[in-house]
Amino acid sequence: MRFMMLMIPLGYEAAPPDVQLDPERVAAMMRYNEALQDAGVLITLDGLHPPSMGARVSFATGQPIVTDGPFTEAKEVLGGYWMIEVASRAEAIAWARQCPASPNEIIEVRQVQEISDFPPDVQEAAAGFDSLKK
């Protein structure tokens, strides 16, 4: 089963574009990332720039409207993610618990939907989905 572990650093929604990272925290996170890789569960991972460098495209009016960050209504934003493949939800949570996160960080663990999770009519409608992925 694939799971995405989403890093939610509280306060990151207001981080400036030139946010500075603490080298010691980065080194601790790299050790964790290497442990995921050494265990053979890591598929991919990335950090994300703060919302002040992003944009949102909304469709509330039926037309796309672009809003540049930062986003005043944001309460929680993503700071990065890991995609892992493990045998169970419990194992994914066990990996999340090992992260050297700081007190202002939360990791949300979400299982990735597989085409086989859906009924035949939805699988038929999504035919070719796997060929879209790298």
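Helix 1 contributes the most to the lining of the largest pocket, giving 5 residues. This is a predicted model, in which local features need pLDDT of at least 70 and side-chain atom pairs count only at pLDDT 80 or more, while totals for chains, interfaces and linings use all residues. Residues are numbered from 1 along each chain as its sequence is written, and side-chain values use heavy atoms, with hydrogens and water left out. Helices (H or I, at least four residues) and strands (E, at least two) are DSSP runs numbered from the N terminus.

The largest pocket holds about 750 Å³ of space. Of the 28 residues that line the largest pocket, Leu21, Val26, Gly47, Gly79 and Glu105 are the closest to its centre. Two or more lining residues come from each of strand 1 (2-9), helix 1, strand 2 (42-47) and strand 5 (80-85). A pocket here is an open set of points on a 1 Å grid over the protein atoms alone, where a 1.4 Å probe fits, with protein on both sides within 12 Å along at least five of seven lines; lining residues have an atom within 4 Å of a point. Grid points are joined across faces, edges and corners, and the volume is the space filled by probe spheres set on the points. By class, the lining has 15 nonpolar, 9 polar and 4 charged residues. In this count Ala, Val, Leu, Ile, Met, Phe, Trp, Tyr, Cys and Pro are nonpolar, Asp, Glu, Lys and Arg are charged, and the others, Gly among them, are polar.

Val26 belongs to helix 1 (residues 23-38). With a relative accessibility of 38%, Val26 is partly exposed, where buried means under 20% relative accessible area, exposed over 50%, and partly exposed in between (1.4 Å probe, protein chains only). Together with Leu21 and Met30, Val26 makes a nonpolar surface patch of about 290 Å². Patches are made of residues with over 30% relative accessible area and no salt bridge; like charges are joined within 9 Å, and nonpolar side chains (Val, Leu, Ile, Met, Phe, Trp, Tyr) within 5 Å. The areas come from the Shrake-Rupley method with a 1.4 Å probe, and for residues only the protein chains shown count as cover.

Glu105 also takes part in a salt bridge, with Arg25, and the closest N and O atoms are 2.7 Å apart. This pair links distant parts of the chain, since Glu105 is in strand 6 and Arg25 in helix 1, 80 residues apart. Glu105 is buried at 19% relative accessible area, whereas Arg25 is partly exposed at 27%. A salt bridge is defined as a side-chain nitrogen of Lys or Arg within 4 Å of a carboxyl oxygen of Asp or Glu. Side chains of opposite charge can pair when their charged atoms come close.

The structure contains 3 salt bridges. In one of them, Glu114 pairs with Arg2, with 3.0 Å between the closest N and O atoms. Glu114 is partly exposed, at 25% relative accessible area, while Arg2 is buried at 19%. Another salt bridge joins Arg110 to Glu108, the closest N and O atoms being 3.0 Å apart. Arg110 is partly exposed at 48%, and Glu108 is partly exposed at 30%.

The loop between strand 6 and helix 3 holds Ser116, which is exposed at 60% relative accessibility. Ser116 and Glu91 are 25 residues apart along the chain, and their C-alpha atoms are separated by 21 Å. The loop between strand 4 (65-68) and strand 5 includes Pro70, and the peptide bond from Gly69 to Pro70 is cis, with omega near 5°. Thr72 lies in the loop between strand 4 and strand 5 and is exposed, at 80% relative accessibility.

As a whole, the protein has 4 helices and 6 strands. Along the sequence they follow the pattern β-α-β-β-β-β-α-β-α-α. The C-alpha atoms fill a box of roughly 50 × 45 × 25 Å, taken along the principal axes. Of the 134 residues, 27% count as buried.
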